[in-house]
Amino acid sequence: MSHHTDVSPAFSQLGDSLAQAAESQRLLFQEMTIFVRDEGLRFTNRRLERNGEAMEKMQNCQGLPGLIGVQQEWLRGFVEDYLAQQMRLAGALRGIAHNVVASATETASENID
């Protein structure tokens, strides 16, 4: 009978650990979702701004060389914006991965103790 009471606290602790891990994952997913949404909006707004600038320049450009120059400038801006966004996303994912590892290490350490 005492063996049964010894096992119950272990299962209870395991259940608590799993609940903490699930809550951590939920918060992580929520944080990632908000970040990706905000980054997507930021990128879209920046691109709309640059598109508007290009349209204004196209109205005033002279001939085919002017049009090609506006197009090249727009394309260069697109690549810069895209790469900057990818760098921000990569940095954020590195930070999130670091936090997940630290949290998992802390939880494992608590369970070992």
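Buried means under 20% relative accessible area, exposed means over 50%, and partly exposed lies in between (1.4 Å probe, protein chains only). The legends below describe a predicted model, in which local features need pLDDT of at least 70 and side-chain atom pairs count only at pLDDT 80 or more, while totals for chains, interfaces and linings use all residues. Residues are numbered from 1 along each chain as its sequence is written, and side-chain values use heavy atoms, with hydrogens and water left out.

**View 1. Phe 43 and Phe 78 form an aromatic pair.** Rings of Phe, Tyr and Trp (its six-membered ring) pair if their centres lie within 6.5 Å; planes under 30 degrees apart count as stacked, over 60 as edge-to-face and the rest as tilted. The structure holds 3 aromatic pairs. In the pair of Phe 43 and Phe 78, the centres are 6.5 Å apart and the planes 65° apart, which is edge-to-face. Phe 43 belongs to helix α1 (residues 2–60) and Phe 78 to helix α2 (residues 63–112), so the pair ties together parts 35 residues apart in sequence. Helices here are DSSP runs (H or I, at least four residues), numbered from the N terminus. Phe 43 is buried, at 15% relative accessible area, whereas Phe 78 is partly exposed, at 32%.

**View 2. Phe 78 and Tyr 82 form a stacked pair.** Their ring centres are 6.3 Å apart, with 20° between the planes. Both residues lie in helix α2, 4 residues apart, about one turn of the helix. Tyr 82 is partly exposed, with a relative accessible area of 40%. Phe 43, Trp 74, Phe 78 and Tyr 82 form one aromatic cluster.

**View 3. Arg 42 and Glu 39 meet in a salt bridge.** A salt bridge is a side-chain nitrogen of Lys or Arg within 4 Å of a carboxyl oxygen of Asp or Glu. The structure holds 10 salt bridges. In this one the N to O distance is 3.4 Å. The two residues are 3 apart in helix α1, about one helical turn. Arg 42 is partly exposed at 32% relative accessibility, and Glu 39 is buried at 8%.

**View 4. Asp 81 forms salt bridges with Arg 46 and with Arg 50.** The closest N and O atoms of Arg 46 and Asp 81 are 3.9 Å apart. Arg 46 lies in helix α1 and Asp 81 in helix α2, so this pair ties together parts 35 residues apart in sequence. Asp 81 is buried, with a relative accessible area of 9%. For Arg 50 and Asp 81, the closest N and O atoms are 2.9 Å apart. This pair also links distant parts of the chain, with Arg 50 in helix α1 and Asp 81 in helix α2, 31 residues apart. Salt bridges that share partners join Arg 46, Arg 47, Glu 49, Arg 50, Glu 80 and Asp 81 into one network.
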